[in-house]
Amino acid sequence: MLMKKNFIFLFGVLSVCTAILFFSCKKINLPTDVGLDVIPEVDNIHTFDTTLEVVAYNGIFDIANDSTRSYKTYPQFLGLIDNDPIFGKTDARMFFELLPGTRIPFPNTPDKLTLDSVVLVMSYIETYGDTAAVQTIRVSELAQSNIFKDSAYLIKNNPFVTSKVLGSKTIIPFKLKDSVNIAHTEDSATLRQMRIRLDDSFGDRLLNYDTSGVNNAYHSDSTFRTFFKGFALQSISGGNAIMGFSLAGSKLAVYYRNENKTTAGKIDTSVTYFRFANYSPSANYIHRDYSGTQVLATANDDIPDNLVYIQSQPGTFATLKIPGLKALPKSIIHLAELSMESVYDSKDTLFSAPDALFMDTYDSSVSKFVTIPYSQQVINLMDNFGISYGYGVSNYAEFGSFPNSGFDLAGNVIKKWRFNLTRYVQNVLINKAKPYNLRLYAPKSMLIYNGETPTENTQVTIEPFSTIVYGVGRVRLGGGNQPGQKMKLRVVYSKT
């Protein structure tokens, strides 16, 4: 019996010693952008591993100061989101012109032309939201009173006035990816198009414009604009999604019959296309309505939030504070990683997270938003002639803005983000950088200053993530006090 007790005692001592040895000698084993081979062992004697609290505050971007612009090369969004209980409603509208490609778009005089149909053909890219929810799209004509220029319009603005309705169609978004068989050669195997037949009177109008003399409608693009300013597209009922279209692939198809000029009595069937030119104006208006939502209930106050709401531009942001940063001892920082993860909601399958998140900060000493000092590799940009034209940032991917998929404790699929702030935290501790509050959001592009030299007034427009688009993406993240899914800053350091 005594031998048995001694064996049990010895086994217990060996188990404890093994556990102590394992935990004192283990390397950091959490996923990180920094390789395990360059992070020293955490032994709580020379190297330490600590977690700092993050305090988060929700905010909604002030529409008056939102400088997000719609560029014609970006996907243009159209539609209504009416049933997102967390982030509310979205109304997206499109405005653009389509031009004839020649001064004589139709090969005969008006009295020899007969309209078959006129169809607006929109080149479809994607749907964000419920692809099965029916919605009705209305096509209107822009009034001649509009000043419509080739410019990048603010997506918050809708200054346009319409004059008449040209047509409408009820659609189901998921069917837009299907092909449609059309009789004419160029359209014989259409794919990924939204086709809306317009009123015949509009087609007759295009056929009947005079094609002779310097004042005819087709004499020049500028002259044509005095006859027809452009289109306005809006979803007017139903729907729980916004749809993206390419202007470059869109067109107006005028199908008609005309008498053959060389063979009397012979009737030809043909089509003429009006297209979007690289100098054509366009605008994409996107409006958010947060009335009655969780977002509005927690935004723009000084109360820390357990849940953080991030929606792509025009949308929301969060201010993050790390109060424990000032209390860190003077040390060598091996890793400072800000981590966060999404809090599951059943609507996440319809309304996915942004492709990337971005962080910057506000430098009150210069009254500017700037990149987080020392957190990115800032490079001087040169043109082909070696002339400097500003700063760029080369390592957004390394900055940790792209999400990884994971699971929460209930087995739900979630997204996780990690931001590598090692260089920034190190420079805070040696008093080269300030302990800033951080701004978290999901921009397509932004005007921003270099945080390491903000007084140089070098403000550049940067597009950090080529895959992200405005209007698309929203996520609910755990804040610093969210049970089980806390936002936190993990710091591994050695005392100097």
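Start by selecting Gln311, which lies in strand 18 (residues 307-311); helices (H or I, at least four residues) and strands (E, at least two) are DSSP runs, numbered from the N terminus. This is a predicted model, in which local features need pLDDT of at least 70 and side-chain atom pairs count only at pLDDT 80 or more, while totals for chains, interfaces and linings use all residues. Residues are numbered from 1 along each chain as its sequence is written, and side-chain values use heavy atoms, with hydrogens and water left out.

Is Gln311 buried or exposed? Gln311 counts as buried because its relative accessibility is 5%; buried means under 20% relative accessible area, exposed over 50%, and partly exposed in between (1.4 Å probe, protein chains only).

The side chains of Gln311 and Tyr290 are joined by a polar contact of 2.5 Å. A polar contact is a pair of N or O atoms within 3.5 Å; within protein, one must be able to donate a hydrogen and the other to accept it, and residues adjacent in sequence count only if both atoms are side-chain atoms. Show the surroundings too: apart from neighbours within four places in sequence, Gln311 is in contact (heavy atoms within 4.5 Å) with Phe87, Thr90, Arg288, Tyr290, Thr316, Gly473 and Arg474.

Now turn to the rings. The structure holds 27 aromatic pairs. Rings of Phe, Tyr and Trp (its six-membered ring) pair if their centres lie within 6.5 Å; planes under 30 degrees apart count as stacked, over 60 as edge-to-face and the rest as tilted.

Select Phe61 and Tyr441, an edge-to-face pair at 5.7 Å centre to centre with 65 degrees between the planes. Phe61 is in the loop between strand 2 (55-60) and strand 3 (69-70) and Tyr441 is in strand 27 (residues 438-441), so the pair ties together parts 380 residues apart in sequence. Phe61 is partly exposed, at 22% relative accessible area, whereas Tyr441 is buried at 2%.

Move on to Phe106 and Tyr218, whose ring centres are 6.2 Å apart with planes at 70 degrees, so this pair is edge-to-face. Phe106 sits in the loop between strand 6 (99-100) and strand 7 (113-129), and Tyr218 in the loop between helix 2 (200-208) and helix 3 (221-225), so parts 112 residues apart in sequence are tied together. Phe106 is buried, with a relative accessible area of 2%; Tyr218 is buried, also with 2%. Both belong to a cluster linked by ring pairs, whose members include Phe96, Phe202, Tyr256 and Phe274.

Finally, return to Tyr441: Arg439 lies over its face, at 4.3 Å from the ring centre. A charge sits over a ring if NZ of Lys or CZ of Arg is within 6 Å of the ring centre and within 35 degrees of the ring normal.
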